[in-house]
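Open the model in your viewer and keep the selection panel at hand. The stops below go from one chain to the contact between two.

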Amino acid sequence: MIDFGQLLTVGISQLIGPSAIFFALLALGLNIHFGYTGLLNFGQIGFALVGAYGMGISVANYGAPLWLGVLIGMACGVVMALVLGIPTLRLRADYLAIVTIAASEILRLVTRSTSQTEFTGGTQGLTGFGDSFAALNPFTQPSYTILGLEIRGPDLWAILMGWTVVALCVLLTWLLVRSPWGRVIKAIREDEDAARALGKNVFAYKMQALALGGVFGALGGIVLALATQSLTPDFYSPPQTFFAYAALILGGAGRVLGPVIGAMLFWFLLSVADAFLRQATAGENPLLPFISSQDVGAIRFVLVGLFLGLMMVFRPQGIFGRRREVLGDGR
Amino acid sequence: MAADQSNDAGRADDTDTENTDTAVTRDVAGGEDAPAPAGRTDLRRALAGVPPEPGAAKPDPVLTVDGVTRTFGGLRAVDVAHVEFQRGAITGLIGPNGAGKTTLFNLLTGFDKADSGSWVHEGEPLQSLPPHRVARRGVVRTFQLTKALAGMTVMENMKLGATGQRGESFFGALFTGWGAQEREITERARTLLSRFNLDAKAGDLAGSLSGGQRKLLEMARALMMNPKVVMLDEPMAGVNPALTQSLLGHVKSLRDEGMTVVFVEHDMDVIRDISDWVVVMAQGQVIAEGPPEELSSNQAVVDAYLGAHHDQVLEFDDEGNPVGETAELVAEMEAEEIGADAPAPETPASDASTPDAPTSDEEKRA
């Protein structure tokens, strides 16, 4: 039989876990890019990579203090935005998409290359960058029970810090999009030439938006690296960007809380689907005998994909989105 | 000097005709001719002394264009030797499809790069500026295909037009109190919206407006920038006749407030109704200029619109070959074609023979 209690426990722990934090930050960045400014960044994972490695390399290789490492990681996000944005932001939207996805793959291949092993740790990745973060952990007991969930001390610390970063990013987004600055980037999303005709320097605004969203992505990489105490290049693969897009669209693009709720729900659904399928295919007399347990990893994505497809049909604006804004003509 | 006077008169006029302003609009909507404000009479007097020929010097030009060219492949879409636009006047820009009117607009406002040429607004060259800087200098345009920001409310559209907003810079948005300025802008936007009869729509998404209302919104939004020169690209296109009258009233009121209006239009009645001066373009060149009344008697204009030989009956024999005068005409045109080819080999032959063939710059822009 299916143990629904276990499904719920797994789901809830994923709802607030490091993955949800990571994808919430990635999607918050994409929300600035795609949701508000209309920039198609298909390489958000590359921003996470430069953030994580910027922090990891400066702390592990050069002994920088953690706070400096975090700042360097964020600065790497800005630099990447400048490098990718300067040649492409004057062109049509698709060029940024092509360049960002290519750049994110190039970055992953370079960091994992054996020629860089001394610097990046190659495929083994970096270690020893998170010691000072672990040393700051005030939760010294091995485990804590919160609302029936058992959470390890270090995890609780990572989750707490992670959600604090998410909350700060949400606050910053909210402050910006309600301001005249936010009005201009929304105008650029609607029609660049109209914004130009009204005296707005479209290129500068796109650059700022790309850099801001890139910093959110870099923070995602930093937080996940510290929370999991691991930093390996192959984690930063292109599909991660699209999971973040799925989270953003699920929650509602162009809404402040859309990406956060979307990321939480995405990981909740994914882990519940996973746990359910594992239970349903295991044991003496499985509920779904025609599925083998090896297929579970793939089938859970099929289920979530099906859910997203239905969502696009019946609620294209996502959970929080405004339908009229998404459908374009306002009718 | 004369122009300075007309300008001052226009401004003085502004204050005491504030209420008649709307009255003028209503009158026009009712189909009656409103009496021209005093400023306009002065303006017409100043323009009366200007010879009606291409490139004529104006008493007080606000925008002076010199030697502007733009080619698309082998096609010379714009080739304007010299044009001046009179301050405080409504200048109509007309010409057949593909004459280069919109391309000229795009060049003057920085949306397209000219191959050569210069244009000066208030003594400052504009030719090397990007579009947003041209707009900030007070030369503001609208588009033929209206660019209302559909996913934003009418009020947000309006507020976007305001210039010098502290909250529009990244750090300004976070660390300055832009609230007071925002309230001021909202107030100004509300006043403008009620003038354009859009105040009831302030909270609606711009995408839900009708075509005509979008044109009104675009014009009102441009006014939020306090422009000196307003360039309207086919403001009446796709607008129903009832709304056209009210739009015309609004265009006139811009002039009565001292703004210079340059607009592209196809409808001759509209041109005659509101413009003080008309510039006619064909095949990228300015072929005629003059007050609107003299337009229909100008041979170059008639030729550009109807073709040079429109009043001749064409005669053919049974096999479809031209005979009589028509044969002479064909021979003449062929000779012209060869002659036109020789000095400018990059120009396709079809250009010289078909004055009203739609050229591709309109399509390119679209």
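Start with residues 66-86 of chain A: the span is 100% helix and 0% strand, and its end C-alpha atoms lie 30 Å apart. Helices here are DSSP runs of H or I with at least four residues, strands are E runs with at least two, and both are numbered from the N terminus. This is a predicted model, where local features need pLDDT of at least 70 and side-chain atom pairs count only at pLDDT 80 or more, while totals for chains, interfaces and linings use all residues. Residues are numbered from 1 along each chain as its sequence is written, and side-chain values use heavy atoms, without hydrogens and water.

Next, select 297-314 of chain A. This span is also 100% helix and 0% strand, with its end C-alpha atoms 27 Å apart. An unreviewed UniProt entry lists both spans under "transmembrane region", along with others including 12-32 and 156-177 of chain A. Such annotations may be inferred rather than shown by experiment.

Now show both chains. The contact (heavy atoms within 4.5 Å) takes 34 residues from chain B and 31 from chain A. Together the chains bury about 2800 Å², 64% of it on carbon and sulfur atoms. Buried area is the accessible area (1.4 Å probe) lost on being put together, summed over both parts. Pick Leu160(B), Glu168(B) and Phe170(B): they supply 21% of the area that chain B buries against chain A, more than any other three residues.

Finish on Glu182(B) and Arg183(A). They form a salt bridge (Lys or Arg side-chain nitrogen within 4 Å of an Asp or Glu carboxyl oxygen), with the closest N and O atoms 2.7 Å apart. Between the two chains the count is 3 salt bridges.

How values were computed
Chains are lettered from A and ligands numbered from 1 in the order in which they are written. Buried area is the accessible area (1.4 Å probe) that two parts lose on being put together, summed over both.
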